[in-house]
Amino acid sequence: MAPVRTTGAIVASTAAISISMAIFSYFLFFKKTNSTLHSNKKKKPRNGVVDAIGNTPLIRINSLSEATGCEILGKCEFLNPGGSVKDRVALKVIEEALESGELASGGVVTEGSAGSTAISLATVAPAFGCKCHVVIPDDAAIEKSQILEALGATVERVRPVSITHRDHYVNIAKRRALEANELAAKDKKVGQVDGKDRDQMDGCVPDPEKENPGFLSHYNGGFFADQFENLANFRTHYEGTGPEIWEQTDGNVDAFVAAAGTGGTVAGVSTFLQEKSPKIKCFLIDPPGSGLFNKVTRGVMYTKEEAEGRRLKNPFDTITEGIGINRLTKNFMMAKLDGAFQGTDKEAVEMSRFLLKNDGLFLGSSSAMNCVGAVRVAKALGPGHTIVTILCDNGMRHLSKFYDPKYLAQYGLTPTATGLEFMSIK
């Protein structure tokens with residue numbers, strides 16, 4: 001009997017070893033295969049907040065794609081550290097200014113902005129040892145000012161006026177940079193003598209009615225970011241956003257569409273994509289009151305309201321923020337466009353709610369307008385095309401206006417759609 005028991009033990013032992021080897025081989029193969037599958041996803045830690053800007057995901061917007069028969073893709077710029085596409089602009093502007101010597105480490109960056117660019121500058125500037133001073137129209141969503149102050153920027157809220165007025169928020173921001181440079185020069189020249197305060201010397205006493213005390217405390221010079229005319233704006237999208245879209249689609253893109261404020265995004269991306277393939281069609285989507293639609297389609301820069309001799313409180317009659325303009329900027333003039341579409345505030349509001357309900361996308365007003373543009377392009381081109389747009393920011397900085405029921409009700413913009421009927425899609 002003993003041999004029988006011994007043989008059974010050997011068989012059992014051999015079986016156990018075989019099973020163990022099989023399990024070991026499986027996990028070894030699985031680990032190797034799994035490692036190969038995910039090798040492209042393994043990346044080294046990025047170097048600070050600056051290195052986390054860009055290379056945002058490109059996602060399929062399922063609801064719009066299924067409704068139109070096109071592949072509608074959105075570049076998730078709201079995933080940048082500062083929460084918007086403007087992080088790219090802020091980084092490029094500051095890097096180029098430091099390299100050229102126009103901005104010194106410890107200096108103050110000034111900008112006139114309706115919110116997103118200012119937030120991005122306030123996010124990026126500290127990474128380079130700089131400060132930020134922002135001049136913002138007082139009708140911009142209040143949460144944008146709150147975010148700016150939380151980020152450590154000094155905020156100057158002013159009434160909205162025409163760009164031709166010396167007190168337009170952009171013109172004030174430009175003056176603030178000049179004033180900072182003058183104070184820095186005076187500071188270096190005078191210094192402190194016998195314990196006297198530098199502001200009391202040579203009769204130099206700041207006017208508290210005209211200057212921001214927080215802003216005046218920075219004596220390392222100023223630099224006006226000038227997002228509308230600074231071509232660093234165009235370059236960051238030509239060198240970054242455009243190539244990313246091309247790579248993420250493997251070059252299989254038929255059209256690109258976006259709204260324009262400064263014009264940097266639509267110009268940089270359109271120029272790059274059309275250089276890669278002239279077959280790619282690039283379009284503008286323009287909000288109410290902006291003159292860019294007429295400029296692209298008719299070659300004349302005017303709006304219906306201006307043609308009728310009416311002037312509004314704001315430069316353009318829309319609740320969307322950061323897009324639409326009634327002048328040509330250096331950045332926009334770089335754009336390569338095949339056409340333009342117009343969107344309405346009602347469509348933008350309805351689109352934002354539709355995407356939130358059907359895709360879980362909580363988008364800001366300009367992002368919603370861009371998606372309106374994507375559907376316009378899909379309907380114009382027909383099914384089977386791949387269309388890319390920009391998801392500029394999320395809805396968190398639009399709560400007091402674009403997502404506020406009472407505010408929308410004042411303008412007859414309460415969302416009522418159950419589907420995409422507001423885009424004439426059943």
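Q: Helices are DSSP runs of H or I with at least four residues, strands are runs of E with at least two, and both are numbered from the N terminus. Which residue just after helix 14 takes a positive phi?

A: The structure is a predicted model, in which local features need pLDDT of at least 70 and side-chain atom pairs count only at pLDDT 80 or more, while totals for chains, interfaces and linings use all residues. Residues are numbered from 1 along each chain as its sequence is written, and side-chain values use heavy atoms, with hydrogens and water left out. The residue in question is G382, whose phi is about 95°.

Q: Is helix 14 mostly covered or uncovered?

A: A residue is called buried under 20% relative accessible area, exposed over 50%, and partly exposed in between (1.4 Å probe, protein chains only). Helix 14 is mostly covered, with 14 of its 17 residues buried.

Q: Which residues have the most contacts inside the largest nonpolar core?

A: A nonpolar core is a set of buried Ala, Val, Leu, Ile, Met, Phe, Trp, Tyr and Cys residues joined through side-chain atoms within 4.5 Å. The largest one here has 40 residues, and I61, L64, M351, L355, C371 and I387 have the most contacts inside it. Among the elements that give two or more residues to this core are strand 2, helix 13 (345-359) and strand 10 (386-391). Helix 14 gives the most, with eight residues.

Q: Which residues does L355 touch, leaving aside those up to four places away in sequence?

A: Contact means heavy atoms within 4.5 Å. L355 touches I61, S63, L64, G360, L361, L363 and C371. A second, separate core has 35 residues, including V135, A260, L273 and F293.

Q: How many salt bridges does a search of the whole structure find?

A: Side chains of opposite charge can pair when their charged atoms come close. A salt bridge is counted when a side-chain nitrogen of Lys or Arg lies within 4 Å of a carboxyl oxygen of Asp or Glu. The search finds 16 of them. In one of these, R88 meets E77 at 2.6 Å, N to O. This pair links distant parts of the chain, 11 residues apart: R88 belongs to helix 4 (residues 86-100), and E77 to the loop between strand 2 (71-76) and helix 4.

Q: Where in the chain is E244, which also pairs with R88?

A: E244 is in helix 9 (residues 232-248), 156 residues from R88. Their side chains meet at 2.8 Å, N to O. E244 counts as buried because its relative accessibility is 11%, and R88 is buried at 4%.

Q: How many disulfides does the structure hold?

A: A disulfide is assigned to a pair of cysteine sulfur atoms within 2.5 Å. The structure holds zero. The closest cysteine sulfur to that of C132 is in C130, and at 9.7 Å it is too far for a bond. C132 is buried, with a relative accessible area of 6%, and C70 is buried at 1%.
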